[in-house]
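I am opening a page for a structure that is new to me, and I will write down what I look up as I go.

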There are 2 protein chains.
Amino acid sequence: MKQPPQISSSEWKVMEVVWEDPPVTAQQVSDVLGEREQWKPQTVKTLLARLVKKGALAYKSEGRRFHYTPAVAREQAVVAETESFLDRISRGSLVPALQHLVQTTRPLETEEIEALRELLKQKGDKV
Amino acid sequence: MKQPPQISSSEWKVMEVVWEDPPVTAQQVSDVLGEREQWKPQTVKTLLARLVKKGALAYKSEGRRFHYTPAVAREQAVVAETESFLDRISRGSLVPALQHLVQTTRPLETEEIEALRELLKQKGDKV
DNA sequence: CTTTTTTGTTTACATGTGTGGTCTTGGTGT
DNA sequence: ACACCAAGACCACACATGTAAACAAAAAAG
């Protein structure tokens with residue numbers, strides 16, 4: 001059971017673009033992030049290469065250019081990030097963290113609230 | 001309004017010990033983390049020094065040894081971590097992340113559930 | 001076919017992190 | 001007073017990260 005590789009903050013920005021609509025070319029990623037983050041194309045290239053090396057992206061040579069596709073699902077990566085986040089703040093601070101999380105987030109959709117409420121219900125029932 | 005400094009994963013482990021019962025000496029931290037993380041005393045020393053340098057810890061010379069105290073509150077640090085966590089996973093994934101969070105955590109206390117439920121209510125009312 | 005462009009590869013370099021060794025100096029015990 | 005030891009200060013070193021320039025190979029263009 002291989003856990004998804006460690007993805008750094010900048011790398012996440014690249015992954016987001018790839019996850020959004022794979023497969024993508026370096027060009028496409030570069031366009032998006034050149035705009036969104038003011039990154040030079042070379043920077044994007046480096047990050048793509050690193051992500052390939054650490055197994056977060058796959059690619060196939062399509063003529064002269066590469067087509068990159070995610071090698072780890074977004075969900076997996078999010079779960080891994082969440083784990084590492086929890087490891088840091090230690091589970092004890094979960095509730096304050098959650099409060100902050102919920103408060104600073106854009107208004108939640110009704111169904112999201114429902115989903116969470118449901119979760120809480122289950123959790124609560126077990127007590 | 002200065003935001004709390006960037007605290008790395010290992011540094012968090014040190015901070016946890018300091019927050020737990022300040023002020024502490026390097027010795028005390030070293031004892032705890034030598035056990036808990038199998039860290040050599042020097043490792044702890046380095047981390048303490050780095051935390052002082054980045055302004056996360058304060059100290060006063062008490063005889064030959066230092067007494068370290070937190071320079072940033074735990075809450076502040078947690079909030080900062082939460083922000084950076086959210087920046088990574090991008091707010092869109094919040095709910096799945098929360099679900100994972102809640103599911104993998106130890107059973108919540110009733111009052112914790114209440115607090116969260118209350119939060120959701122407020123959030124929900126605004127929709 | 002040669003020039004230009006595009007795209008991937010190699011190299012760079014400062015700073016951060018994980019993990020510790022060594023040096024120095026001020027207390028402490030005798 | 002003096003030797004010794006522990007505590008902090010300084011040094012080390014490999015790997016990660018952010019950010020990119022330089023280089024090479026191959027495709028496109030003329």
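Entry 1, a residue in a helix. I began with Ala80(A), which I found in helix 4 of chain A, keeping in mind that the model is predicted.

Helix 4 of chain A covers residues 74–89, and I checked its length: at 1.5 Å a residue its 16 residues should span 22 Å, and because the end C-alpha atoms are 22 Å apart, the expectation and the model agree. Which residues of helix 4 of chain A are buried? I listed Ala77(A), Val78(A), Val79(A), Glu81(A), Thr82(A), Arg88(A) and Ile89(A). These buried residues pack against helix 1 and helix 5 (94–104) of chain A, and also against helix 1, helix 4 (74–89) and helix 5 (94–104) of chain B.

I wrote down 6 helices and 2 strands for chain A, and from the N terminus on its elements run α-α-α-β-β-α-α-α. Of the 127 residues of chain A, 31% count as buried. Among its contacts between residues at least 6 apart in sequence, 52% join residues at least 24 apart.

Strand 1 (residues 57–62) and strand 2 of chain A run antiparallel and are joined by 6 bridges, with Ala58(A) standing opposite Thr69(A) in strand 2. The hairpin of these strands has 2 residues between them, and in it Gly63(A) takes a positive phi near 70 degrees.

Which residues have the most contacts inside the largest nonpolar core? That core has 59 residues, and the ones I was looking for are Val14(A), Val29(A), Val14(B) and Val29(B). Leaving out residues up to four places away in sequence, Val14(A) touches Val29(A), Leu33(A), Val44(A), Leu47(A), Leu48(A) and Leu51(A).

I turned to Val95(B), whose place is in helix 5 of chain B, and which counts as partly exposed because it has 18 C-beta neighbours inside 10 Å. Leaving aside its neighbours within four places in sequence, Val95(B) is in contact with Glu112(A), Ala115(A) and Leu116(A).

What surrounds DNA strand C? I found 23 residues, the closest being Ala26(A), Phe66(A), Ser8(B), Ser10(B) and Thr46(B). Helix 2 (26–37), helix 3 (41–53) and strand 2 (65–70) of chain A, together with helix 1 (9–20) and helix 3 (41–53) of chain B, each give two or more residues to that surface. By class, the surface near DNA strand C has 5 nonpolar, 12 polar and 6 charged residues. For DNA strand D I again noted 23 surrounding residues, with Ser8(A), Ser10(A), Arg64(A), Ala26(B) and Phe66(B) as the closest.

Note on methods. Residues are numbered from 1 along each chain as its sequence is written. Chains are lettered from A and ligands numbered from 1 in the order in which they are written. This is a predicted model: local features need pLDDT of at least 70, side-chain atom pairs count only at pLDDT 80 or more; totals for chains, interfaces and linings use all residues. A residue is near a molecule or strand if its C-beta atom, placed from the backbone, lies within 6 Å of it. Helices (H or I, at least four residues) and strands (E, at least two) are DSSP runs, numbered from the N terminus. Ala, Val, Leu, Ile, Met, Phe, Trp, Tyr, Cys and Pro count as nonpolar, Asp, Glu, Lys and Arg as charged, and the others, Gly among them, as polar. The expected span of a helix is 1.5 Å times one less than its number of residues. A residue is buried if 20 or more other C-beta atoms lie within 10 Å of its own, exposed if 12 or fewer, and partly exposed in between; C-beta atoms are placed from the backbone. Two residues are in contact if their C-beta atoms, placed from the backbone, lie within 7 Å. A nonpolar core is a set of buried Ala, Val, Leu, Ile, Met, Phe, Trp, Tyr and Cys residues joined through C-beta atoms within 7 Å. Two strands pair if DSSP finds at least two bridges between them.
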